[in-house]
Structures are given as structure tokens and as C-alpha cells.
Amino acid sequence: MLSLIVFLPLAAAVALAAARGLPDAVARWAWLGVTGAELVLVGVLVAGYDTPADGGLAWEERLRWIPSVNSSYHVGVDGLSLPLVALTAVVFCACAGYSLKEGRRPRALAALFLFLQSTCMGLFAAQDLILFFLFFDLSIVGMYFAIAGWGHGGAARSALKFFLYTFLGSLALLVGFIGLYLAADPHTFDIPQLVAAAPLADDAVAGAWVLGAVLLGLAVKTPTVPFHTWLPPAHTDASAIGSAVLAGILLKMGTYGFVRIAMPAMPEAWQAWAWVILTVGVVSVLYGALVALAQSDVKRMIAYTSVNHMGYVLVAVGAAGLVAEGAEARELAVTGAVTQMVSHGLITAALFLLAGVLHDRTGSYAMADYGGLAAPAPRYAGFFAVAAFASLGLPGFSGFVAEFQIFAGSIGATWFAVLAVPGILVTAALFLRAYQRLFTGPTTGRAEGFPDLRPRELVPVGVLLLLSLLIGVLPWPLLDLIAPAAETVVGLVSR
Amino acid sequence: MHKEPLALLPEICLLAGAVATLLAGSFLPRERQWVARLVATAALVAAGVTAALALADPVRTVYGGTFAVDTATGAVRLVVAASTLLVIGLGVDELAGTRRESETYALLLLGALGASVMGSTTDLLVLAIAFLLGSIPLYGLVGMLRSPGAAEAALKTYLLGAFFGIVLLLGATVLYGLGGATAYTALAGGLGGVPVSALAVGLLGVLGGLMFKAGGVPGHFWVPDATQAAGTPAAAFLTTVPKIGALVAAYRLLTVLPPTADWTLLVAVLAAATMTLGNLAAFAQSDVRRLLGWSTVSQVGYLLMPVAVAGRGDEALPALLFYLAGYAVSNLAAFAVVAAVPGRRSLEDQRGLAAGSPWLAGALVISLLSLVGTPPTAVFVGKLSVFTAAWDGGLAWLVVVAAANTVASLFYYLRWIAPAFGRPEEGTGQGRPRRYAAVAAVLAAACVLGLGLAAGTVLPLLDGPLAG
């Protein structure tokens, strides 16, 4: 079942890539059909999910792969990965819907994004370090082609920067994984086995180095300050759906790696690094927000808010390593962190799709080019307002649920986390300021005659925002899913 | 003296094939040289099949301990035969009907024979002979095109080869003088208490000669020139096959040396220097062949990592052999793409390759990403096992250097991939790609993926003891 979810998009991608001469419309609808099927399959997965006892995995599958290094094809989901698997299905389906009028090589685009979907699904399902790394690297390759092939402006340069940066991260990750493998006795790449063994527990020096390598790899991908410089150009020059997937899904790979691998497998080292991680998180929150405030380009601004939002996740997982405090607050923080990954995925994907509408219509992201958009495009203004408010953490949306838990949990663990709170204020200010400049006042510049949202743009964005609203109003189904897994992670990191 | 000609059947096939190809070529008119090609192909297939059959043989040495019959020998024979077959496949379009077609095939077979013997021998004297046997055809192959560039490259290769050949003989002489024997088993005992400085001189000499064949620092100078100036099949051959023999030979020699000379550090430094130099030099290249030439130099650096930890732990040898196999198919796939579109010599000429021939572009991406080490390709598994072996052998710093180098290498491989997927310029119709080479490229790329995905079945097969 899980393997089907992982490989169905890949099979469809191969079929689409091989079918030369397929009419464009057929390719686009086939893409939407496959992502829809994925959504249904993931729905079945979620419906059939029952939190496994003792922190185990559901829908587990394991096959021999490279037995000589004890690496197997091992997949499974739990409360940490299932929400992200569902998020992946939703965001990719929204992207397919958004692209129903795409005129630039739609068959190749569909094949590429289906391939990307496979890598994302595979990464979140992987329970083996080599499998994880495989999907991690392939997602970079796929995204490179998505930016270079369908981007605009200096796309080739941005794509190269993205590839070099994240590939550097992935190699640091590989070095860390090899360190973990060699430290385990018997040597293994299997994540549950490594978590059970916590191999570097009694070697503080080696543990610090190995975790340092893993952290570097994940921090580049997340991205945190100071490794975030690849993100703004990549987003600015990528297409709308490229940005949506990059921010909505690919960034989560970094933070997911923290809770899946780094925290449970290296608890001692994590505790030792907790303050560093917390500090980097606070800096990312503040720096991301302040730099976003200074942007004059809508897409660049949204990109920097991603740095800010991912910073909250870092604050939470950092605070989770402060074992001197009670477990309850830290569990709350980790639950908030995973909720934030889902929430940020939904909201940022919606925001990037909306920003893409600007470029589709007029070819510009510069705020100065617009003014008073609300008059010619009221629906667009309404959706952008909803997305902006969701992103700044207004109660009633998923962002609030996530950030509330993160702060309640982290501040419960250490007062130091309070320093990140002003980040919310700055985010609110920057979104309101951007909204004013774009939508209010007399209609000027490129805003004149701006066509309003069309159905194929409206529906995907609407669905993403509706889900965020749903999580905001009725958070318990998601929290019930995440909380037991968060409890397990905190238990493991406190060893 | 333990004589057993049947144990050398794959080598005999190659030798007989070379002679038969040469004879056939001498008596055939130019338009029927394909018969010579058929003879050469048959000889390679026979060598491969007999080598595969010999894998089941018990591990032993033959001819008085000068020649090992073990897993490493089997792997070398198979990879050499398969690589040479691919070289012929990618070169048919370029060679067919030329004046020196059959001579080229004969030289390829002799070069393959040299590499095969080099990787299998356990005796310094046979190693020296294998060096000459593998090098002399190489000089001919480099200069075969008879262009001014090819002549210069051939002369450079010849002078360096002659120099390093003498250095290798000198090293072998010193080791013989110290250890009182040339066979490795006897050397292992004889070198026990000898002065370290003398041992180091002998080792440096032999290792220097092997580095010339492998194309690693300090014997790498000929590689980029020869790769750029020689014909595409010759370039593909000389950047692939000689390395296979040389690196396994180095591994065999190092396992019998006493640890008194710190050869691990020496080889590790050579590895770091080779990969760094190869990568840095590849940055600025605009000719794809020269870029590939430098890229092969950097790959030798990674391949030297398991050699540096030879004999420590049982992961090093399978890692080396697997990386060699993966590297060989990846490199040949890239050369096959170059051979398929001979008009696109510079990186800028690659523009629009994907639009015109998507299969070829796919093969190019797979081969270059494999050379970078992206999963799920063959070199990724190779790199993974090589990194693991090196770290396990106590060379964690070398793993970090290699990882940093891998990132750096990405830069120039992407400089090639990016224009290939760019929009074609108007009026740059490059014509259709050559047929045989395109097929060879796709086939090799499929092997790259297959080898990577089937690593679980292949790796245990490579895990066997060395003979002697």
C-alpha cells in the first residue's frame, strides 16, 4: 500500500515521459488524475491508521536491498510522517490543478512533478538512512530541473546555487549517516534499529561531530540562518508551482529529519547541542522576519517568511532537548513543531500560488508596480488577505494552533524562547504592509485592468486555505495523530 | 612451478583475439573490415564468458605464485572485457571504414590484456611486464588520429610512460633487493625488518608507475591532453581500462607491505591531492572531452581511498571493485554520448541536446549524476561503500575531503547538464546522433542504474579473499 503511494507517481512520470506526441491537454489531465488518485490512496492510509502501540510503525514494509551494508527497503509511517505524507498529496494535487492551463511543455512538467512527488512521498515514508538519502538527493535533482526548466529571470543561476548548496548539505548528511552506521553495533542503516541502539551515546566527541554533520545537512535544507542564502533566489526565479512545492514540501525534509533521525538516534549529542539549535532557531525567526520586512518583491518576502516559520520549528525541537525540564512542555513543543510543518506547507503553498498569479498576469513581483488591486480583482484580494492572516498566525487558522503550542511548550522548557515572540509581531507588520501596498488605495500601475482569479487558480488555493482553516478550527484529529509520536520522540531524546 | 594454462583462458582469448584481428585486418579490403571488428568482439565475449565461468574456481595462485585466481581477478577480467566491448560499441561509427580500423581493435585488445594481467598478478616482474603490455598499445591509440594534437599527446604520453616505467622498474628492483624475492607471498615475509627509508623508495617507485597507469597524481599529466586529442573510442578506453588494472594492482601490492612504512598516509595524501587537483582543473574547461579527462583524474582520487585502507577490514576490496565497475560504465556512458554527437565539442555546443535527442540527454544526465554520486546510480553505492571503508580504516578526514570534493565536482558536471536542457538556438542543426554510439550510451546508462539498484546482489559477490 505504502509502496504503491510512493511509486505510482514515478510510474506515471515514466509513462508520461515516454509518451511522445501526447496532446498537452491529456498530459495535464493525466497529471491531475494521478495526483487525485494519490490523494484518495493517502486518504485510505489515514483512515486505516491506528496509532501503533509502543511507538512502532504502521503500514510497514521491508524488503532486502543491500544486505552487505545492512540497508533495506524499509518504509512505514507514524504520527510524525503521516501528516507530511498527507500534506505532500494535497500540495501536489493543488499544483496539478493550478497548472491545468500551463502552456510550457506540460507533458515534461507533469512527468517532472510526478517524479518529485514520488521522491517526497518516499522520503517521508523511508525508515532506512540510505533510502532517506536516496529520496533526499533525487528531490534535489528534480527541483533543479523544475527551477532551471520552468523558472524565469536568472533561473539557471538560481538553480545552480540551489543545487550546489543543498547538495553540499546532502553530502554532509551522508557523512553523518556513515558515522552513525559505523558507530552502531552491528553496523546498520535501519532507522528503528539505530534509534533503539542510540549508538553514539557513550562517545561524546564522536557524537558531537556526527550530529554536527547531520545538522549541517538538515539545516541547509530547512534552511536556517546562516545557510538560507540559496532560498530567496531559488524562490524568486522558480515558477509558482515550483516555489509552492519547494517551500511547502521540500523544506519540511530538513525539519522532518530532525525529529525522525537526529533527535531519537543521537539523544546525548542532541541534548548537548540543544542550546545551539535553540539559538539558531531564535535567530532564524527574528532575522527571517526582519529581512522579509525589508523586501520590495512579493515572492522574496514570502521566501523570507519561510525562514522565519521554519525558525519556530527549530526553537521547538531545540527546547525539546533541554531535558532538565518537565517532559510535558517539551512534548507540547514537538507536537507544535510537526503541526507547524503541516500548517506552513499549506499556507505557504497557497501564498506562492497566489504570488504566481501576479507574474502570470503582468510579469512582475515588485510591490511598487501595483496598487489598489482590490478594485479590479476582489476575489484575489480576499484570498490573499486570508492567506496572509493565516500565515501571520491569526487564531482560527492552523498557524495559530502550531505557534501557540510551540511557544507554550518552549517557554515552558526555557524562558529563552520568549526572545522569538517578537517574530510574530514583525510577521504581522510585514504582511499588513505588503497587503496595503498591493491592494489598497487607488488602482495604479500594473494593477489597472488586472483580471481576477480564474477557477483553476481559485480552487487549488481555496482548498489549501480551507484545510488550514479546518485545522485551525478543529485541530484535534491532527493533534491526536501527532501527539503520541511526539511523546515517543521526547521520551527517546531524554534518554 | 605450477602450470595451469586453463586458469589464464580469458587472457589467452584476448591475446589470440588481438593476433587474429590484426591478421584478419591485414588481408581484408577496407570496406570489409567489419570482419575484424567481429573477431575482436567475439574475443572479448569469449574472455568475458570464460572469466565468468572461472569465478567458480577455487581461490589460488598459479605459475609459481605469480598470478592470482580469485574474486578480484574475476572482477577485473569481467569489467575490462565489458568496458572494452562498450568502447568498441561506441567507436564503431567513428572507426568503420577508416584506414586503421582493425589496428585500433587489435591495440584495444592488447591494452585490455595488459590491464587484465596487471590487476591479476602477484609478482613484481610480471607487474612490470603488464605495465609495458598495457602502455605500448596506449601510445599507439593516442596517436592514431594523426592530427597535430594527437601527435603531441602521444609524445607526451610516451615520454611520461617511459619515465614512469623506469621508475616502476627501479622501485621493483629496490623491493627485490630488500625482500629477496619478487613474488608477493615471499616479499611479505622478506620485508619484515628492512629499513623504512629504503622500503619507502621502493614503494614510491612502484606506486608512481601505477599512478601513471591510473592517471592519478603525480602521473596524471598525460590524461587531459590525450583525452582531448585522441579519437573518442581511444579516449574512452584510456580513461577507463588502464585504471582498473592499476588500482587493483596497487591494492594487491599494499596488502603485503609491512605497516612500518606509513603507506596508508601516503596513499591517502595522494588520493586527496588527486581528487582536489582533478576537480579544480575541471572547473575552467570548456571542451567536454578535456572536462571528462580531468573528471577521470578526480575519480581516481576517490578510487584510491579503499586502496589507502587496503587490508584493514573486509570492506575495502568489495568497495574498490564495485566502484571500479560503476565508474567504468558511468564514464563510458558519458563518452558514448560524446561519440554520438561528435559535432558538439564545447559545453556551449551542448545547447539543445535534450530537445533533439531526449534519450541521449537522459543517458548523459544519468552518467554525469552517477559520476557525482547521486543515488540510485552505481557510483553512489560505490562512493558510499568507499567512504564507509575509509572511515572504518581510520581516515575520517579523507572522507570529509572527498565529500567536499564531490560538491565541488557537481559544479562542472552541472555546467554540462544545464545547457543540454536549454533551448536550442536557431540554425544549429547538428544532424542526427550516430546510431551505434547512441545505443551504447543508452545501454551503458541502463547499466549504471541497474548496477546501482542491484547493488545488493552484486556487492556480496565481490566479497572474497585475495589469493596468495
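UniProt positions are given in the numbering used here, with shortened feature names, and its annotations may be inferred rather than shown by experiment. An unreviewed UniProt entry lists residues 122–404 of chain B as "domain: NADH:quinone oxidoreductase/Mrp antiporter transmembrane". The model is predicted, with pLDDT of at least 70 needed for local features and 80 or more for side-chain atom pairs, whereas totals for chains, interfaces and linings use all residues. Residues are numbered from 1 along each chain as its sequence is written, chains are lettered from A and ligands numbered from 1 in the order in which they are written, and side-chain values use heavy atoms, without hydrogens and water.

Helices (H or I, at least four residues) and strands (E, at least two) are DSSP runs numbered from the N terminus. Residues 122–404 of chain B are 77% helix and 0% strand, with the end C-alpha atoms 35 Å apart.

Over all chains, 16 salt bridges were counted, each a side-chain nitrogen of Lys or Arg within 4 Å of a carboxyl oxygen of Asp or Glu. In chain B, Arg37(B) and Glu101(B) form one such contact (3.0 Å, N to O). This pair joins helix H2 (residues 34–54) to helix H4 (residues 101–120) of chain B, 64 residues apart. Both Arg37(B) and Glu101(B) are buried, that is, under 20% relative accessible area, with exposed meaning over 50% and partly exposed in between (1.4 Å probe, protein chains only).

In chain A, Asp190(A) and Arg62(A) form a salt bridge at 3.4 Å, N to O. Asp190(A) is buried at 1% relative accessible area, while Arg62(A) is partly exposed at 44%.
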